Amino acid sequence: MATATESEPMLNMETLSIQSGSMELFAFDEETTDVVLCVDDKKLHLSRGVLMLASPVFRKMLASNGKEKQNEITLPDKSYEEFVLFLRCVCPLEYVKLNEDIIEMVLPLAKEYQVNSLLHKCEDWLLTEIEFIVGEVIGHVKEIQTKVEFFAKCLLYGAKNELNTLYNRAFELLLPYNLIRYQHTSFYKLLPDKNKWQLLEARMMKIEKTQHIADGSFPTEIEIEEDSNQIDSTSPLGFEY
């Protein structure tokens, strides 16, 4: 799993073609094609109905509203590879097995086009991966630093894409770790200021409550109570009465 300080491999068109089982993606279909999206000067032949059902943004874009329907729409400033992958995650005849790299590519487009089904598929995958990492499931055991950076990535994804369950779980797991572990990562730097303050304030409150500067875990209430009882049973100089 790549971290914020490593270069993450990007999926190229050859990989996409192998995954789809076809060298030609979204080719013209006489029976279903009724709209063409142009991305990077390449044409994607699609079904208007499928796009409108998947996305309220596409619905607004493609609805005629009494006007003549646009049969060809150009989408500027989009990566063809990323947009094809996004469409494959949306269209019912395609299947894309999610992984961390694919989620990084399609999540911003899922948010932009308000494709809730894809947003929550990504969230479910990330939440499952978190639990595998926390549970140290075989194949998912990570070094502490890699683990912390993944939690920071999930926190950013949750904040930017309004994935509240993901955000809350990542927040909970990141809270016990020292800021120095993740403040250098792009994930933390891109986190909105209000979320940074929320995290730092919650950590400070936890430190004050537990009287413990944690890097990985805070003591439980039972442990705090035991420590308190032990202190009460000793003199100010540390000798037992």
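**Figure 1. In the hairpin of β1 and β2, two residues lie between the strands and D40 takes a positive phi near 55°.** This is a predicted model: local features need pLDDT of at least 70, side-chain atom pairs count only at pLDDT 80 or more, and totals for chains, interfaces and linings use all residues. Residues are numbered from 1 along each chain as its sequence is written, and side-chain values use heavy atoms, with hydrogens and water left out. Strand β1 (residues 35–39) and strand β2 (residues 42–46) run antiparallel, held together by five bridges. Follow the bridges across and you find V35 partnered with L46 of β2, and C38 with K43. Two strands are called paired here if DSSP finds at least two bridges between them. Helices (H or I, at least four residues) and strands (E, at least two) are DSSP runs, numbered from the N terminus.

**Figure 2. The three strands make an open sheet in the order β2-β1-β3, with mixed pairing.** The edges belong to β2 and β3, each with a single partner strand, so one side of each has no neighbour in the sheet. From one strand to the next, the twist averages 25°. Helix α4 (residues 80–90) packs on this sheet, touching β1 and β2, and its direction makes about 10° with that of β2. For directions and angles, axes are lines fitted to C-alpha atoms (for helices, over the stretch in contact), and angles run from 0 to 180 degrees between N-to-C directions. Over on the β3 side, strand β3 (residues 72–74) runs parallel to β1, joined to it by three bridges. There, C38 stands opposite T74.

**Figure 3. Strand β1 and helix α4 are each largely enclosed by the rest of the structure.** All five of the five residues in β1 are buried, that is, under 20% relative accessible area with a 1.4 Å probe and protein chains only (exposed is over 50%, partly exposed in between). Both faces of the strand are covered, with V35, L37 and V39 buried on one side and V36 and C38 on the other. In a regular strand, side chains alternate between the two faces of the sheet. As for α4, nine of its eleven residues are buried; among them are Y80, F83, F86 and R88.

**Figure 4. E72 sits in strand β3 and counts as partly exposed, at 40% relative accessibility.** Leaving aside residues up to four places away in sequence, E72 touches V36, C38 and K43, where a contact means heavy atoms within 4.5 Å. Look for D34 as well: its C-alpha atom is 9.0 Å from that of E72, although the two residues are 38 apart along the chain.

**Figure 5. Helix α5 (residues 100–112) and helix α6 (residues 116–134) cross at roughly 150°, their axes coming within 9 Å.** The crossing of α5 and α6 is left-handed, meaning that the near helix is turned anticlockwise from the far one by less than a right angle (clockwise would be right-handed). From α5, the contact takes E100, I103, V106, L107, A110 and K111, and from α6 it takes L118, L119, C122, W125 and L126. Sorted by class, that makes nine nonpolar, no polar and two charged residues. Ala, Val, Leu, Ile, Met, Phe, Trp, Tyr, Cys and Pro count as nonpolar, Asp, Glu, Lys and Arg as charged, and the others, Gly among them, as polar.

**Figure 6. Helix α7 (residues 144–161) packs against helix α8 (residues 164–174) at an angle of about 145°, with the axes 8 Å apart.** The crossing of α7 and α8 is left-handed. V148, F151, A152, C154, L155, Y157, G158 and A159 of α7 meet L166, Y167, A170, F171, L173 and L174 of α8. By class, the α7 and α8 contact comes out as 13 nonpolar, one polar and no charged residues.

**Figure 7. R203, in helix α10 (residues 193–210), is buried at a relative accessible area of 8%.** Its side chain reaches the backbone oxygen of L175 at 3.0 Å.

**Figure 8. Zoomed back out, the protein has eleven helices and three strands.** Along the sequence they follow the pattern α-β-β-α-α-β-α-α-α-α-α-α-α-α. Of the 241 residues, 41% are buried.

How values were computed. Polar contact = N/O pair within 3.5 Å; in protein donor to acceptor, adjacent residues only side chain to side chain.
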